[in-house]
Amino acid sequence: MNEKAKAVAGRLRVKAAGVGAAAQKAIADAGRKTGDTIEITKLNVRIFEINSEVNVSFRKLGELMYAAYAGEETADEAVDALLREIDGKKEEAAALRRRISELKKERPCPVCGSSCGEGDRFCRKCGAEVAGGDGK
Ligand SMILES: [Zn+2]
């Protein structure tokens with residue numbers, strides 16, 4: 001190979017290596033994003049289940065209230081247990097929502113406190129500028 005051809009081949013090799021690294025990074029980023037998306041989906045499914053369980057507890061609570069209204073004996077402990085169960089499930093759902101927020105890299109608006117997305121420069125609710133937003 002003459003010198004000129006060697007120089008061109010050398011430049012092409014460097015370029016190919018760069019493209020390979022960029023492609024690998026893109027694949028790694030996509031993999032990480034896919035993992036987050038799957039986790040967010042699982043968390044949303046769990047939140048949906050918790051809400052269904054809370055609705056069952058609310059129905060039982062309503063039945064106890066109606067029984068009391070209708071003059072039947074109702075155990076206070078049963079009412080307390082249902083109220084505590086509902087509190088616990090609401091806390092669990094809130095924790096899962098916080099985790100989703102983390103995964104979506106959401107942060108609170110400095111003015112109104114509503115949740116802003118990773119790339120938001122301005123709050124979608126009040127329009128205030130959000131620190132760290134890159135507008136991408
Ligand atoms: Zn705001």
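Helices (H or I, at least four residues) and strands (E, at least two) are DSSP runs, numbered from the N terminus. By that definition, Lys-105 sits in the loop between helix H2 (76-103) and strand S1 (107-108).

This is a predicted model: local features need pLDDT of at least 70, side-chain atom pairs count only at pLDDT 80 or more, and totals for chains, interfaces and linings use all residues. Residues are numbered from 1 along each chain as its sequence is written.

**Overall form**

The protein chain holds 2 helices and 2 strands. Along the sequence the pattern reads α-α-β-β. The radius of gyration is 27 Å, well over the 14 Å that the globule rule gives for 136 residues, so the protein chain is more spread out than a compact globule. That radius is taken over C-alpha atoms, and the globule rule is 2.2 Å times the number of residues to the power 0.38. The C-alpha trace spans about 105 × 35 × 15 Å along its principal axes.

A residue is buried if 20 or more other C-beta atoms lie within 10 Å of its own, exposed if 12 or fewer, and partly exposed in between, with C-beta atoms placed from the backbone. Two residues are in contact if their C-beta atoms, placed from the backbone, lie within 7 Å. Among contacts with a separation of 6 or more, 31% join residues 24 or more positions apart.

**The two helices**

The expected span of a helix is 1.5 Å times one less than its number of residues.

| Helix | Residues | Number of residues | End-to-end C-alpha distance | Expected span |
|---|---|---|---|---|
| H1 | 3-69 | 67 residues | 98 Å | 99 Å |

The H1 distance is close to the expected one. H1 is hardly covered: the count of buried residues among its 67 residues is 0. Just after H1, Gly-71 takes a positive phi of about 90 degrees.

**Two alanines of H1**

Ala-67 lies in helix H1. Ala-67 is partly exposed because 13 other C-beta atoms lie within 10 Å. Leaving out residues up to four places away in sequence, Ala-67 touches Glu-72 and Thr-74. Its C-alpha atom is 59 Å from that of Ala-28, 39 residues apart along the chain.

Ala-68 also belongs to helix H1. Ala-68 has 13 other C-beta atoms within 10 Å, so it is partly exposed. Ala-68 and Ala-23, 45 residues apart in sequence, are 67 Å apart from C-alpha to C-alpha.

The domain assignment gives domain 1 (3-104) and domain 2 (106-136). Such bounds come from an automatic or database domain assignment. The centres of domain 1 and domain 2, taken over C-alpha atoms, are separated by 21 Å.

Lys-105 follows H2. Lys-105 has a positive phi of about 55 degrees although it is not a glycine. With 12 C-beta neighbours inside 10 Å, Lys-105 counts as exposed.
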